[in-house]
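This report concerns a predicted model.

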Protein chains: 2
Amino acid sequence: MPKIDRASRDRIVQTSLSLLRRGGLSASGLNNLVTEGAVPKGSIYYFFPGGKKQIVLEALQRNQELTAKALSIHLGGAGSLSERVGSLFRDLADRMSKGGFTSSCAIGAVALDIGSDDVELRQACGSILSGWIHLVASHMGELSPSKRQPSAQFLISLLEGAQVSARALRSSAPILNAAASFVTYLEGLTC
Amino acid sequence: MPKIDRASRDRIVQTSLSLLRRGGLSASGLNNLVTEGAVPKGSIYYFFPGGKKQIVLEALQRNQELTAKALSIHLGGAGSLSERVGSLFRDLADRMSKGGFTSSCAIGAVALDIGSDDVELRQACGSILSGWIHLVASHMGELSPSKRQPSAQFLISLLEGAQVSARALRSSAPILNAAASFVTYLEGLTC
């Protein structure tokens, strides 16, 4: 694919991701992509013959990669598990605060928007969450092996839920409180 | 208002809530209300001159009341706080499982769907979450006063996030795991 085409294709996926983060499935229609200045409508079908669903699936995949990177950077960094979790949540709080609490995880938004007939999108969300849980568990070497998967599952649910609260309350307090609560949970695991 | 009108009006709000629970803001347009057989389109504006936004605001309020009732029944019941929280999460897991994991809290879905210009909807979501946090804290008499509000905030974020995970993974496991994790958190508070 020529470089200029690759850039246009990439811009469509990036714009779709930005729209999904802000407003879920309803905000990420093809007309919104055009309005956001991604590209002319004709070229959307040139790059994505599968239309909206194909673009959304690629945007979710992009979200997956970016979040996996953040999880690895923070949870794979130096310090105790409590410190690493704190760093992850503080980073999320900073990013949401900078965006005025109008943007959050696209997987969360799509998971709550999908109808029972959207099998492919539902499976994509499920597979991405499972992958994150696996990744998070791999960074929990301090915990006994049987506690890693449930603790990772818990952390991912908490990350998603704290974003719901932060958006509704327009505040980073629920995210920072979630981090502190997770540390208390870790203390409970070993007491 | 005549009884028959009250019943029609009520059916519109109830249908809107059901649509919001399943698919967020995009699923709850007026055409969807008509398709779902709530009432003819003309009568929607007769009962709700403010259109979709007015209906959604009333549906969110209905969601608020139903959840507040569930919170009071379970958290205000007998047993230790751990047992009462377990009862709340088990009930949620049962209800989501019976619905095939296609329906969840409307406040969560709307909070992730609202644009920065939807001030009224955002404020409604924030005010409802704040109310729940206050209510949950009032049922945490066993905890020291300074721990009640943060623990309630944490519980509400966890409830919202566990629903995201349950829908994406089509499983009640994340909800039951969230309940067990909250119990570990409570142990951490006192160890």
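## Secondary structure and numbering

Chain A contains 9 helices and 0 strands, and its elements follow the order α-α-α-α-α-α-α-α-α from the N terminus. Helices (H or I, at least four residues) and strands (E, at least two) are DSSP runs, numbered from the N terminus.

Residues are numbered from 1 along each chain as its sequence is written, while chains are lettered from A and ligands numbered from 1 in the order in which they are written. In this predicted model local features need pLDDT of at least 70, side-chain atom pairs count only at pLDDT 80 or more, and totals for chains, interfaces and linings use all residues; side-chain values use heavy atoms, with hydrogens and water left out.

## Overall dimensions and surface

Along the principal axes, the C-alpha atoms of chain A fill a box of roughly 60 × 35 × 30 Å.

Of the 191 residues in chain A, 54% are buried; buried means under 20% relative accessible area, exposed over 50%, and partly exposed in between (1.4 Å probe, protein chains only). Among contacts (heavy atoms within 4.5 Å) in chain A between residues at least 6 apart in sequence, 68% join residues at least 24 apart.

## Helix α7 of chain A

The buried residues of α7(A) include Leu121(A), Arg122(A), Cys125(A), Leu129(A), Trp132(A) and Val136(A). An α-helix has 3.6 residues a turn, so residues three or four places apart point the same way. The buried residues of α7(A) pack against α4 (51–75), α6 (106–111) and α8 (145–169) of chain A, together with α8 (145–169) of chain B.

## Positive phi angles

Phe101(A), a residue other than glycine, has a positive phi near 60°. Phe101(A) lies in the loop between α5 (81–98) and α6 of chain A and counts as buried at 11% relative accessibility.

In chain B, Arg170(B) is not a glycine either, yet has a positive phi of about 45°. Arg170(B) lies in the loop between α8 and α9 (173–190) of chain B and is partly exposed, with a relative accessible area of 40%.
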